[in-house]
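Subject: Structure handover and salt bridges

Hello,

I am passing on the structure we spoke about, with some notes on its charged side chains. Please have it open while you read.

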Amino acid sequence: MKKLFFRLFFLVLFFLIAPGVIHAGAEEAGTVTVTHAAVYIRSGPGVSYPIAGKAAENDTYTVLQKDGDWFQIRLPQGNTGWIAGWLVETGTPSAKQAKQGKITVDRLRIRKAPDQSAAIVGTLEKNAVVTVTRAEGGWVYIESGNVSGWADSQYVQTEKNKNAGKTAENNVSAAIVAATSLNIRRSPSLQSGTVATVTYGTRLEITGTDHGWYEVELEDGTHGWVAGFYVTRENQAKRSSEAEVTLLSGTNLYKRPQSDSDTVGTAKAGDRFPVVSEMDDWYKIRLESGTSAYIPAKAAKKSDTAVKKGIKGKTIVLDPGHGGTDNGTTGAYGTLEKLVTLKTANALYEKLKKAGARVILTRDSDTYVSLPERTAISNTNHADAFVSIHFDSAEDPHTRGHTTYYYHAQDYDFARLVNHQITSRLGTVDRGVKFGDFHVIRENTQPAILLELGYLSSPAEEKHIMEKSFQTKAVAGIYNGLKAYFQ
């Protein structure tokens, strides 16, 4: 009877403890830490999935599972997302080293979990010294005296990364302002005071980094901080149209930037490849098939001047705006934007193909293609140029002309060259080159512009747009702009 009692006792005890043990194992399976200033979190394991959020440099997340090169992570709100493996480093919760920091606002609320709706466990005053033990999704876990919990990272100034100088020197030497106007702040926080204001295109020397912020120095010696979202790093990897590598010795072509990664082939000394990006001691290169691979930097020599000039051999993605259930704008006489954008793209497709380009259409018929799908086509094919074609609309029927939009600072020259050639061919009102916050150019990692070739809301311009001569001139203008860009 006693044996049966003890057996039942230990069986019940096991089931009471087991869930906690299993849960702990899942929690401590591992983490990933973001290694770039700003990284998108996706709803699925791939760049074609919608964006579910953003992560900042040094943010740490618990890993739930892995799919190829992607990690599924737990977000602060309790939901999940996916992050690319080449943008993070793996580790365990105990691997993160504590850093010292201080509070930058009065009565900062410390919460039980990394969420604005979580319970408040205490408050800390401005300039209070804290120990930061981990970061997660814009939050940091801090300890100070009897108070410990989660705080919004923008209100906690941590000590400068000891490797910041090396990072600035070897990987990021300067940043180019990519916003119309940008405030330089006293500390890495949007709540911090402003020490100066700079305009689009200003070059800033980077002296350090901190959780997605850059410490910068202006030409007059002023020091301050800028959010990484509003600048473009000057010596970010050169694009394929600007750089290539020549192999110094034979090497494997790796699937990932790791020596123990699977290989996708081999290459021999003297082979040349366009550079897609750089990271640490690796080059990401584009193969003739259009796919990408990694090679050790020590096996190759990089040239910042592309050997192959001109349109021939370039990968160009043409994006006829709208389609299917999305008509776009409708002209004064009933012209549907989705049809005329496709007509223009098809004509440009033929002209570029004859010139020897590898041309890809995001759609070749009256079908609906989502915005993420359009950018994914450009990104996965490592396009040398992405051109989104549209026609405009305005309440004033007298508004006319064409406009060229860019989003990333490094695409301004691309936009300027194409806009100039369109103006010289069409002879219509030139409304200029403008910054445009459009998904297909904002989320594009390749050179990308968006064209508004005319106003369908103008009866006179709509008639002109539908003429064969307009299409011929518009196509010639875009073609010549691309030709100028690739010289």
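**Salt bridges**

Arginine 442 pairs with aspartate 437 in a salt bridge, with 2.9 Å between the closest N and O atoms. Please keep in mind that this is a predicted model.

Arginine 442 also meets the side chain of glutamate 443 in a salt bridge, at 2.6 Å from N to O. Asp437, Arg442 and Glu443 are therefore linked in a network of salt bridges.

Glutamate 443 is buried, because its relative accessibility of 6% is under 20%. Arginine 442 is partly exposed at 23%, and aspartate 437 is also partly exposed, at 49%.

In the whole structure, the search finds seven salt bridges. One of them joins lysine 338 and aspartate 366, whose closest N and O atoms are 3.1 Å apart. This pair links distant parts of the chain, as the two residues are 28 residues apart. Lysine 338 sits in helix α3, which covers residues 337–354. Aspartate 366 lies in the loop between β30 (358–361) and α4 (371–380).

Regards

Note on methods
Residues are numbered from 1 along each chain as its sequence is written. This is a predicted model: local features need pLDDT of at least 70, side-chain atom pairs count only at pLDDT 80 or more; totals for chains, interfaces and linings use all residues. Side-chain values use heavy atoms; hydrogens and water are left out. A salt bridge is a side-chain nitrogen of Lys or Arg within 4 Å of a carboxyl oxygen of Asp or Glu. Helices (H or I, at least four residues) and strands (E, at least two) are DSSP runs, numbered from the N terminus. Buried means under 20% relative accessible area, exposed over 50%, partly exposed in between (1.4 Å probe, protein chains only).
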